[in-house]
Amino acid sequence: QVQLVESGGGLVQTGGSLRLSCAASGRIFKMGWFRQAPGKEREFVAHIRWGSGSVYYLGYADSVKGRFTITGDNAEHTVYLQMNSLKPEDTAVYYCAAQSGTIDEYDYWGQGTQVTVSS
């Protein structure tokens with residue numbers, strides 16, 4: 001059983017920055033960030049996968065490329081999402097997700113953290 005604890009959400013003005021953190025209680029192979037805005041479906045934001053102790057690949061949704069950066073420390077089971085140049089449309093609950101096994105699917109989810117960008 002892996003627990004994910006997120007932090008770092010809050011209220012920021014357009015153009016501002018926030019950094020989200022997600023700490024896992026156990027070993028994970030891949031971690032990702034998703035978000036869900038009111039009335040919308042949950043959508044992918046970014047993910048990072050480790051292999052042999054180093055970053056194997058990472059990826060971003062088109063809507064956040066160039067503005068968001070995902071980083072992580074596999075040894076510490078922690079992932080970060082640096083969000084710059086925030087826009088009102090980035091407002092959502094952000095969820096951390098983790099893949100703890102070899103099957104390529106997220107099997108654990110965090111409780112979510114609210115990000116609100118005011119115009």
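Helices (H or I, at least four residues) and strands (E, at least two) are DSSP runs, numbered from the N terminus. On this scheme E105 sits in the loop between β9 and β10 (108-109). The structure is a predicted model, in which local features need pLDDT of at least 70 and side-chain atom pairs count only at pLDDT 80 or more, while totals for chains, interfaces and linings use all residues. Residues are numbered from 1 along each chain as its sequence is written, and side-chain values use heavy atoms, with hydrogens and water left out.

Apart from neighbours within four places in sequence, E105 is in contact with A98 and Q99, where contact means heavy atoms within 4.5 Å. E105 and K30 are 75 residues apart in sequence, yet their C-alpha atoms are 8.9 Å apart in space.

Turning to charged pairs, side chains of opposite charge can pair when their charged atoms come close. A salt bridge is taken as a side-chain nitrogen of Lys or Arg within 4 Å of a carboxyl oxygen of Asp or Glu, and the count by this rule is 5 salt bridges. One of them links K65 with D62, at 3.2 Å from N to O; D62 is exposed, at 64% relative accessibility.

R35 takes part in two of the pairings described here: one with E43, whose closest N and O atoms are 2.6 Å apart, and one with D90, at 2.9 Å from N to O. Since R35 belongs to strand β4 (residues 30-36) and D90 to the loop between β8 (78-83) and β9 (92-99), the R35 and D90 pair ties together parts that are 55 residues apart in sequence. Both R35 and D90 are buried, with R35 at 6% relative accessibility, whereas E43 is partly exposed at 34%. Through shared partners, salt bridges join R35, E43, R67 and D90 into one network.

A covalent link comes next. With a disulfide defined as a pair of cysteine sulfur atoms within 2.5 Å, the model has 1 disulfide, which joins C22 to C96 at an S to S distance of 2.0 Å. Because C22 lies in strand β3 (residues 18-24) and C96 in strand β9, this pair ties together parts that are 74 residues apart in sequence. The torsion about the S-S bond of C22 and C96 is about -80 degrees, so the disulfide is left-handed. Both cysteines, C22 and C96, are buried.

In soluble globular proteins, nonpolar side chains tend to be buried together. A nonpolar core here is a set of buried Ala, Val, Leu, Ile, Met, Phe, Trp, Tyr and Cys residues joined through side-chain atoms within 4.5 Å. The largest such core has 30 residues, and those with the most contacts inside it are L4, M31, W33, L81, M83 and Y94. Two or more residues come from each of β3, β4, β5 (43-51), β7 (68-73), β8, β9 and β11 (113-118).

Strand β11 also holds T113, which is buried with a relative accessible area of 12%. Beyond its neighbours within four places in sequence, T113 is in contact with E6, G9, L20, A92, V93 and Y94. For G9, the backbone nitrogen lies 3.3 Å from a polar atom of the T113 side chain.

Methods
Buried means under 20% relative accessible area, exposed over 50%, partly exposed in between (1.4 Å probe, protein chains only). A polar contact is a pair of N or O atoms within 3.5 Å; within protein, one must be able to donate a hydrogen and the other to accept it, and residues adjacent in sequence count only if both atoms are side-chain atoms.
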